[in-house]
Every structure is written in structure tokens, then in C-alpha cells.
Amino acid sequence: MLDLTYDTPKPKVISGAKQDWELVIGLEVHAQVASNAKLFSGASTRFGAEPNSNVAFVDAGMPGMLPVINEFCVEQAVRTGLGLKAVINLKSAFDRKNYFYPDLPQGYQISQLYHPIVGEGEVLVEMGDGTARTVRIERIHMEQDAGKSIHDMDPAMSFVDLNRTGVCLMEIVSRPDIRGPEEAAAYVSKLRQIMRYLGTCDGNMQNGNLRADVNVSICQPGAYERYQDSQDFSHLGTRCEIKNMNSLRFIQAAIEHEARRQIAIVEAGGTVDQETRLYDPDKGETRSMRSKEEAHDYRYFPDPDLLPLEIEQAWIDDIAARLPELPDAKKARFMADFGLSDYDASVLTADTANAAYFESVAAEAGDGKLAANWVINELFGRLKKDERGIAESPVSPAQLAAIVRLIKKGDISGKIAKDLFEITYTEGGDPEQIVEARGMKQVTDTGAIEAAVDEIIAANPAQVEKARQNPKLAGWFVGQVMKATGGKANPKAVNEIVARKLAL
Amino acid sequence: MSIDIETAARVAKLARIKVEPEALPALADEFNAILGFIEQLGELDVENVEPMTSVTPMRLPRRADVVTDGDQQAKVLANAPDAREGFFAVPKVVE
């Protein structure tokens with residue numbers, strides 16, 4: 001397998017009024033576990049249900065109700081940890097994080113502050129320009145999601161839906177290893193890709209199944225390297241946390257804005273207050289969440305309703321043995337086995353459905369590189385035009401492989417192949433039969449091409465004269481021959497014959 | 001550890017319990033009495049003693065990932081002072 005090595009990307013530099021500044025970013029990503037039932041109750045996690053219909057009395061915080069952990073959720077946290085090459089803790093424990101909010105009926109969130117289930121790991125974040133950052137993962141813990149408050153249904157009231165309350169989240173906490181807005185977005189994308197491969201989280205950001213809190217601080221060039229050498233945070237600036245963003249675009253915009261806000265404060269001689277802020281996409285700015293500051297004392301303590309969570313090494317080994325091939329390995333394999341470029345391999349491994357489609361085309365066509373070209377340029381392009389996913393592709397891998405085989409054998413030209421692809425896409429059918437039935441085969445019979453060339457030369461003596469003085473004009477004859485043969489003539493043969501007949 | 005009046009007021013506020021200012025000194029005294037009682041445990045040597053989490057050796061019970069509960073909107077909302085269109089209705093809380 002190829003060992004992929006990358007250069008480290010350059011940190012983003014923002015020029016202030018007085019000097020240059022760098023950014024230091026850490027993320028807390030909340031990923032909803034793709035489970036049927038909630039973390040501690042048997043209520044459904046289904047999105048879009050009637051308000052308050054996916055609610056057990058445990059979720060509603062009714063007195064006397066006891067939480068019972070969903071083992072599938074534990075397994076998904078372990079799988080995710082293994083996917084991030086992280087340490088799995090055989091013993092973890094649940095704590096209560098106490099605060100009052102209408103969408104948290106228990107008055108506390110069950111989380112894992114002191115003993116998370118997953119410890120340190122790492123993620124390779126490719127930037128698409130030949131560079132990649134290794135971002136260290138500090139921990140992953142399981143916790144309950146809160147409910148949903150709707151503020152725009154009534155002028156004086158907020159409406160609360162507890163369907164989400166108690167759904168299992170994995171909070172993935174990174175070290176402050178991210179050095180710019182684009183890196184932050186690429187990091188979240190990579191986590192999403194890995195979790196989708198693992199099937200532990202569907203990664204749907206629009207539905208809020210993947211959200212991120214972003215910690216941003218600024219520092220002078222050189223300070224970050226001193227932090228990395230010493231792991232001493234005093235080299236870094238004071239950070240602000242921007243809460244709960246569910247779009248990659250917002251994450252980037254919020255970081256950019258927040259960094260500029262901090263630079264303006266520091267350059268004016270002020271100091272940045274450590275605080276929690278909200279990003280307002282309409283105004284393109286962040287603002288302080290005052291209420292959060294007041295409630296910052298969460299008075300964590302071990303949840304007396306839950307024994308520590310002990311898992312067995314054999315169980316973890318069994319999960320590890322059943323892990324699918326992950327994006328980095330798949331990409332390296334595609335590059336090694338099919339000779340694909342880094343870019344093509346990245347596109348094809350973006351998700352498992354794309355990768356599986358490509359692999360069947362490549363296997364049946366016997367040419368990975370050509371298959372990759374056709375999958376990426378023709379198929380993906382065409383599907384995008386129709387806003388369809390790979391699962392709704394009207395062209396099956398077998399059909400596309402047949403087209404690729406026809407090109408490879410020289411039976412059809414690249415141009416005809418595009419027509420054939422369009423016919424297969426819109427009308428369906430066996431590409432080989434279509435080529436036969438519609439006479440699309442490439443004419444490699446030099447006799448037939450020679451006849452066509454002779455005919456055109458005879459009919460256009462003036463052009464012949466011009467072409468003899470300026471050989472570049474031979475292209476006109478090639479064009480005429482292609483036209484006369486309906487694009488089926490082998491272009492290489494036509495070029496040769498035209499040149500010979502014109503005695504160029 | 002000693003709880004002063006200010007801390008007592010803060011704990012009351014975090015717990016959303018209304019305590020009149022004149023009741024705070026007594027509350028602080030009670031906190032101190034409780035904490036003093038618990039601090040006696042500090043006299044014990046617990047070096048190399050695992051924290052006890054349960055009196056009986058027990059494994060945390062697990063459930064399977066099956067939907068067994070829910071679909072009881074009316075019951076869930078039964079105690080709500082105000083509910084509309086299936087939602088709990090609460091005084092506006094907005095950031």
C-alpha cells in the first residue's frame with residue numbers, strides 16, 4: 001500500500017492594522033449516534049416526528065425514572081474511537097452537568113466529564129493541495145442531547161419539543177491543532193466522512209446531527225510553535241468559544257470574523273475576555289451569550305443513577321475486527337492499485353457509495369484509470385446536473401464498464417462514447433447492443449477512410465491548394481471527413497491519411 | 001472549606017431556590033456544618049483504595065437498541081402549565 005506523506009499546510013495569517021496574526025483553533029464536534037432508540041430510554045430518535053411524541057418519561061425528567069444505557073450507542077462510540085485511532089477506555093463513567101433550561105427537563109445533562117469512553121487519537125486532514133494536517137483528538141465522550149426550543153411561533157412564548165432530548169451524542173474534542181478557517185471546515189468534513197464510513201453518525205448537518213463548537217484565539221507568528229514544543233498554553237491568546245454551528249460555511253465565516261474581532265481588540269490595547277459567543281449568519285458577526293456566562297458553574301458530579309461503564313477488551317477487539325476499510329486506507333489503495341491521482345482517489349473515496357460504484361466499474365472494465373475518468377467526469381457531472389445521488393444513477397456500474405470496454409478496445413471514439421453514455425443514461429439498454437444497432441462503431445477500416453478523404457479532396461480543389469501552402473489548414477479536411485463519417489472515423493487514422501493524400 | 005454568605009447566595013441562585021437575604025447566614029452555617037461532617041472522611045487513609053460505586057458487585061445494565069417507549073404526547077404534556085399544538089409553551093427564552 002502507498003504510504004501517503006504530505007507537507008504541513010501553512011497557517012492562515014491575517015494582517016491587522018499593526019502586524020500579522022495567526023489563528024489557533026480547537027473544535028468540539030457533536031455527532032448524533034445513528035441509533036434507533038435514545039441513549040438512556042427506549043424512545044425513538046426519528047427526525048421530524050410529531051412534537052413530544054418520541055419522549056419516554058426518562059427523557060421528560062419525571063421523578064423516579066431511571067436511565068438504562070443503550071449498548072448500541074456504546075458500540076458506536078467505540079467504533080468511532082477506533083476509526084480515529086484512539087485509545088478506548090475499558091472503564092468510563094457518567095457525570096451530571098447541572099443547568100436549567102426549558103429544553104432540559106432533568107435539570108442536568110448526563111455526560112462524561114471525568115472519565116470519557118475514548119481517549120487520545122488523531123485525524124489526517126487533507127487540504128486538497130498536497131498538504132495535510134494531523135489533528136490530535138483529545139477525547140470522545142457520550143452525552144445526552146437537549147430538546148429543541150422554537151422561538152418564532154408566538155411573540156411571548158417559546159415552544160419546547162423534547163423529541164431530541166436524550167438522543168446520544170458523541171462529543172469529539174480536538175486539540176488546538178487547527179490553523180485556519182479552511183482547515184476547520186476540512187477537519188469537520190473528514191470526521192463526517194470517517195463516521196459515515198463507520199455508519200456511526202449520518203453526518204446530516206442540516207438536521208443538526210453534526211454540529212460544532214469552535215474555540216478561536218489569535219497569536220503572534222512563532223508563538224504557536226512555542227506552544228507545540230512545550231504544550232504550555234500561556235503562549236497562546238485567550239480563546240472564545242463560538243457555539244453550535246451546523247454548516248461548514250458558517251464555521252469558516254464565524255472563525256474569520258471572530259479572529260478579526262480579537263485582533264481589533266488586542267491592537268487597540270485591550271484584552272480578549274474568555275467567553276461563549278454565538279454566530280449570527282444574517283449579520284455575519286459573533287456576539288456574547290451572556291446567559292451562558294452566568295450559568296458557567298455546572299457543578300459536575302458522578303451520576304448516582306449509573307454505575308461506571310465497564311467494557312471488555314474482547315468486545316473491543318471484535319468491533320475492531322469488523323471495522324470497514326476507512327477513507328485513508330481506501331484512498332491509498334485506489335492510488336496504488338489503479339494508478340489514480342491523489343485528487344481522483346479523494347473524489348472517489350468521498351463516500352462509500354461512490355467508492356463501491358467505481359470499484360465495480362474498474363473491476364468489470366479492467367482499466368481503473370479510464371473507469372475513474374468516466375465515473376468522475378461523465379457520470380458525476382451528469383448526475384449533478386440532474387441533482388441525483390449515485391444511488392439513483394440510471395447507468396449501472398455494468399453499463400458504464402461496458403462503455404469503458406468499448407473505448408478501450410477502440411470500438412468507439414471518445415466523442416461517440418459520450419453520445420453512447422447519454423443514450424444509456426436517458427434510454428437505458430446494453431451499450432454493446434446500442435453500438436451495433438445504431439452503427440456507432442469507429443471506422444478503423446483505412447479503405448473506407450481513404451475513400452472519404454479522396455472524395456473531399458476531389459470536391460474541394462481550392463482548399464487543397466490553400467492547405468498545401470499552409471499545412472495547418474489540413475485540420476479542415478479532418479473535420480470534413482469526421483462529419484462525412486458521422487464522427488465514427490478513428491481520428492488518428494484520418495489525420496495520417498489526410499496528411500499523406502495532401503502530400504504535406 | 002468554609003461557605004460564606006456570598007457563596008450561599010450563589011448556590012441558591014444556581015439551584016433556582018429563592019432565599020431571602022436575612023436567611024442566608026443561617027443557610028451558610030448549615031452548609032458549613034454539613035461540609036464539616038463530611039470532611040471527617042479526610043482523616044481516613046484511602047491511599048490505594050478504589051472508589052466504591054456500588055455496594056454489590058454489579059455490571060451496568062444495558063438495553064438493546066429497540067424502540068420500546070414514546071408515542072404518549074398527551075401523557076408527557078399532562079403536567080405542563082401551558083401546552084400548545086403538542087409543544088410545551090414556556091415564557092420566551094431567547095439568546
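In which sense do strand 5 and strand 6 of chain A pair, and over how many bridges? Strand 5 (residues 95-98) and strand 6 of chain A pair in the antiparallel sense, over four bridges.

## Basis of the model

This is a predicted model, in which local features need pLDDT of at least 70 and side-chain atom pairs count only at pLDDT 80 or more, while totals for chains, interfaces and linings use all residues. Residues are numbered from 1 along each chain as its sequence is written, chains are lettered from A and ligands numbered from 1 in the order in which they are written, and side-chain values use heavy atoms, with hydrogens and water left out.

## An open sheet in chain A

Three strands of chain A form an open sheet in the order 6-5-16, with antiparallel pairing. Strand 6 (108-111) and strand 16 of chain A stand at the edges with a single partner strand each, so one side of each has no neighbour in the sheet. The bridge partner of A:N98 in strand 6 of chain A is A:Y108. Strands are DSSP runs of E of at least two residues, helices are runs of H or I of at least four, and both are numbered from the N terminus; two strands pair if DSSP finds at least two bridges between them.

## A:D303

A:D303 lies in the loop between strand 16 (301-302) and strand 17 (309-310) of chain A. A:D303 counts as buried because its relative accessibility is 3% (buried is under 20% relative accessible area, exposed over 50%, partly exposed in between; 1.4 Å probe, protein chains only).

Leaving aside neighbours within four places in sequence, A:D303 is in contact (heavy atoms within 4.5 Å) with A:F94, A:D95, A:R96, A:Y108 and A:I110. The side chains of A:D303 and A:R96 make a polar contact at 3.1 Å. A polar contact is a pair of N or O atoms within 3.5 Å; within protein, one must be able to donate a hydrogen and the other to accept it, and residues adjacent in sequence count only if both atoms are side-chain atoms.

## Interface of chains A and B

In chain B, 41 residues are in contact with 52 residues of chain A. The rule finds five salt bridges across this interface (a side-chain nitrogen of Lys or Arg within 4 Å of a carboxyl oxygen of Asp or Glu). One of the salt bridges joins the side chains of B:E50 and A:K91, at 3.6 Å from N to O.

Strand 3 (residues 69-70) of chain A pairs with strand 1 of chain B in the parallel sense over two bridges. A:I69 stands opposite B:R62 in strand 1 of chain B.
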